[in-house]
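Trainee: I have a structure to go through before the group meeting, so please walk me through it with me asking as we go.

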Amino acid sequence: MGIEKIVEQALQTGYLTPAMEAEVGSICDAASELSAAEYMGLDKLMGSLLTGEVVAVQRKQFINVMEELVLTEALARVAEIEVTSDRHLDVGDIAAYALNRLPPLYATTEEGGNYQRQRAKEELDQLIIQQVNEAIAQSIDRPDFFPERQALGKNSGEEVLKQVSALLQAYAPSFEQVPE
């Protein structure tokens, strides 16, 4: 969306959202030079913000306390398992699995975060442990598909193109003839 459209939308709604503000910023950052219409739009937006015709909506800082609680539990459990076995578990997969099955606990202040942590310890501690354990069980039981596969590293574009080409030739050898 262009600056003119963003200004028009802000004037219609009376609000400049953080997303709209970010879009204007990225347009200004990316452009080596703005057009006269874009400058006029920015001037109109600034005037509207100064007069109060348009209000900038503040960005709200918030956290999901459940993320830190689940991650702490997952790290502790994975560390126990990895010390006593030769298994390597993906903490991110485990945390995501558990978080998708737990209620979020959002907070916008430190006081709110402390409240949510205390509430979780009193009401949800066993549920968090249960979901992390279930996530670990799912991770351990998951078959190791294609163990020979390797992640694409930080290769040059040409190397990645060769790898993709080889992959396509392996799975669709008769799709396109390779020039000789």
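Mentor: One term first: helices (H or I, at least four residues) and strands (E, at least two) are DSSP runs, and they are numbered from the N terminus. Glutamine 131, for example, is found in helix H7 in that numbering. Please also keep in mind that this is a predicted model.

Trainee: OK, and how many helices and strands are there in the protein?

Mentor: The protein has eight helices and four strands, and, read from the N terminus on, the elements run α-β-α-α-β-β-α-α-β-α-α-α.

Trainee: What share of the residues in the protein is buried?

Mentor: Of the 180 residues in the protein, 24% are buried. As for how the chain meets itself, if you take the contacts between residues at least 6 apart in sequence, 71% of them join residues at least 24 apart.

Trainee: Back to glutamine 131, then: buried or exposed?

Mentor: Glutamine 131 has 7% relative accessibility and so counts as buried, the cut-off for that class being under 20%.

Trainee: And what does glutamine 131 touch?

Mentor: Once residues up to four places away in sequence are set aside, glutamine 131 touches Tyr97, Ala98, Arg101 and Leu102. Two of the partners named there, Tyr97 and Ala98, belong to helix H5 and also take part in the contact between H5 and H7.

Trainee: Tell me about that packing, please. At what angle do H5 and H7 pack?

Mentor: Helix H5, residues 91-99, packs with helix H7, residues 125-141, at an angle of about 130°, and their axes are 8 Å apart. The two helices are therefore oblique to each other, and their crossing is right-handed. On the H5 side the contact is made by Ile94, Tyr97 and Ala98, while H7 contributes Gln131, Val132, Glu134, Ala135, Ile136, Gln138 and Ser139. Sorted by class, the residues of this contact of H5 with H7 are six nonpolar, three polar and one charged.

Trainee: How do H4 and H5 cross?

Mentor: The axes of helix H4, residues 65-84, and H5 come within 9 Å and cross at roughly 130°, and H4 and H5 are therefore oblique to each other. The crossing in which H4 passes H5 is right-handed. From H4 the contact takes in Met66, Glu67, Val70, Leu71, Ala74, Leu75 and Val78, and from H5 it takes in Val91, Ile94, Ala95, Ala98 and Leu99. By class, the contact of H4 with H5 has 11 nonpolar residues, no polar ones and one charged.

Trainee: New topic: how many aromatic pairs turn up in a search of the whole structure?

Mentor: The search finds one aromatic pair. Phenylalanine 62 and tyrosine 106 form it in an edge-to-face arrangement, with 5.7 Å from centre to centre and 75° between the planes. The pair links distant parts of the chain, 44 residues apart: phenylalanine 62 sits in the loop between strand S2 (55-56) and strand S3 (63-64), and tyrosine 106 in strand S4 (residues 106-107).

Trainee: What about the accessibility of phenylalanine 62?

Mentor: Phenylalanine 62 counts as exposed because its relative accessibility is 51%, where the class begins over 50%.

Trainee: Last one: which helix is glutamate 23 found in?

Mentor: Glutamate 23 is found in helix H2, residues 18-30, and with 30% relative accessibility it counts as partly exposed. Apart from neighbours within four places in sequence, glutamate 23 is in contact with Met1 and Ile6. Its C-alpha atom is separated by 8.1 Å from that of isoleucine 3, which is 20 residues apart from glutamate 23 along the chain.

Definitions and conventions. Residues numbered from 1 in each chain as written. Predicted model: local features only at pLDDT ≥ 70, side-chain atom pairs only at ≥ 80, totals over all residues. Heavy atoms only, no water. Axes fitted to C-alpha atoms, helices over the stretch in contact; angles between N-to-C directions. Parallel < 35°, antiparallel > 145°, perpendicular 65-115°, else oblique. Left-handed = near helix turned anticlockwise from the far one by under 90°. Contact = heavy atoms within 4.5 Å. Nonpolar A, V, L, I, M, F, W, Y, C, P; charged D, E, K, R; others polar. Phe/Tyr/Trp six-rings, centres within 6.5 Å; stacked < 30°, edge-to-face > 60°. Buried < 20%, exposed > 50% of the residue type's maximum accessible area, 1.4 Å probe, protein only.
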